[in-house]
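Keep the sequence open alongside as you read.

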Amino acid sequence: MIWGNIKTKQFSSKGNYPIFRSWTQQEPTVEYIHKLMPNYLYDMDVYQRMLKEMKEKNIPYIESQHPVDNPSGGDPLFIKTYVHRINDEEFMIFFLDITAEKHVEDELRSLAFVDSLSSLLTRRAMNAELEIIANSIKDEHWYVMMIDVDDFKKINDSYGHDIGDTVLMNIAQLLIENLPTGLVSRWGGEEFLITMIGENELEVKKKMEHVLQLIAEQTIVINDQKKFNVTVSCGIAELHKGEKYKEAVIRADHAMYSVKSSGKNGVKFFEKK
């Protein structure tokens with residue numbers, strides 16, 4: 001911990017520092033511990049305001065957290081800082097290493113936005129991206145494409161879920177490689193949702209037809225013996241300026257099911273009935 005005094009405007013060290021010894025393998029100095037403090041904590045006026053706030057609100061401490069340089073090199077450490085009020089002039093600062101907890105938080109955040117199987121955006125992440133796009137459309141043309149793997153249940157039932165996963169990963173890779181300007185997500189199960197800017201409907205349709213052809217030409221080999229090919233159905237809708245993005249997603253979904261009902265393995269724009 002560090003002791004501070006507003007009146008003397010000084011810091012001093014008292015007590016033990018097991019957390020710092022574990023990082024540095026030596027007894028830390030006040031000067032070193034100061035390096036772990038964010039810049040604003042050097043200002044005694046900050047502590048004066050903190051002490052006043054704690055007294056008025058009748059709370060024992062104020063906490064904050066921040067990254068600091070790792071004394072051993074490597075990734076930054078994360079420190080939680082507690083400023084405890086002793087009286088109107090004196091205070092104590094405690095430090096807590098929360099690096100491990102931060103890493104867990106980052107991992108959970110990554111899982112929420114990146115699909116673990118395909119490495120594509122998750123549905124949650126794509127929803128966030130579409131919300132931003134829908135609120136910022138000007139004169140450009142944004143399109144939403146819903147893709148569904150044809151007869152995917154039959155693939156899982158015939159060859160097993162591991163092969164089904166391979167099919168999804170292969171399709172994901174093809175989508176990323178051939179739609180570099182698009183945002184590609186795994187929407188759920190065997191569905192993929194894509195959004196991108198296009199010049200017009202014809203250009204977008206041709207681009208998706210090319211992608212579908214590449215998918216259909218890809219051969220899945222099982223144990224160097226059994227082989228099969230996969231097709232997908234794709235529905236497209238334009239995301240219009242001023243509308244909710246979910247409306248375009250629904251239209252693309254309807255167009256995709258229209259392809260399914262007319263033979264599968266095709267691309268179709270949403271058409272009003």
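Predicted model: local features only at pLDDT ≥ 70, side-chain atom pairs only at ≥ 80, totals over all residues.

## Starting at A112

A112 sits in helix α4, which covers residues 99-113; helices here are DSSP runs of H or I with at least four residues, strands are runs of E with at least two, and both are numbered from the N terminus. Beyond its neighbours within four places in sequence, A112 is in contact (heavy atoms within 4.5 Å) with T122, R124 and A125.

Residues are numbered from 1 along each chain as its sequence is written, and side-chain values use heavy atoms, with hydrogens and water left out.

## The hairpin

Strands β9 (residues 219-222) and β10 (residues 226-229) run antiparallel and are joined by four bridges; pairing takes at least two DSSP bridges between two strands. T219 has N229 in β10 as its bridge partner. Three residues lie between the strands of this hairpin, and N223 takes a positive phi near 55 degrees.

## Two nonpolar cores

A nonpolar core is a set of buried Ala, Val, Leu, Ile, Met, Phe, Trp, Tyr and Cys residues joined through side-chain atoms within 4.5 Å, and buried means under 20% relative accessible area with a 1.4 Å probe, protein chains only. The largest one has 33 residues, and V149 and M208 touch the most other members. Among the elements giving two or more residues to this core are β6 (142-149), α8 (201-217), β9 and β11 (232-239). The top contributor is α7, with seven residues.

What does M208 touch, not counting residues up to four places away in sequence? The list is M145, I147, L179, I194, M196, C234, I236 and V267. Another core, of 17 residues, lies apart from the largest one, and its members include I137, M146, W187 and A248.

## One cavity

A cavity is a set of points on a 1 Å grid over the protein atoms alone where a 1.4 Å probe fits but cannot get out, and lining residues have an atom within 4 Å of a point.

V167, N170, I171, I215, Q218, I220 and V230 line the largest cavity. The largest share of that lining, three residues, comes from α7.

Methods:
Buried < 20%, exposed > 50% of the residue type's maximum accessible area, 1.4 Å probe, protein only. 1 Å grid on protein atoms, 1.4 Å probe; cavity = no way out; pocket = protein on both sides within 12 Å on 5 of 7 lines; lining within 4 Å.
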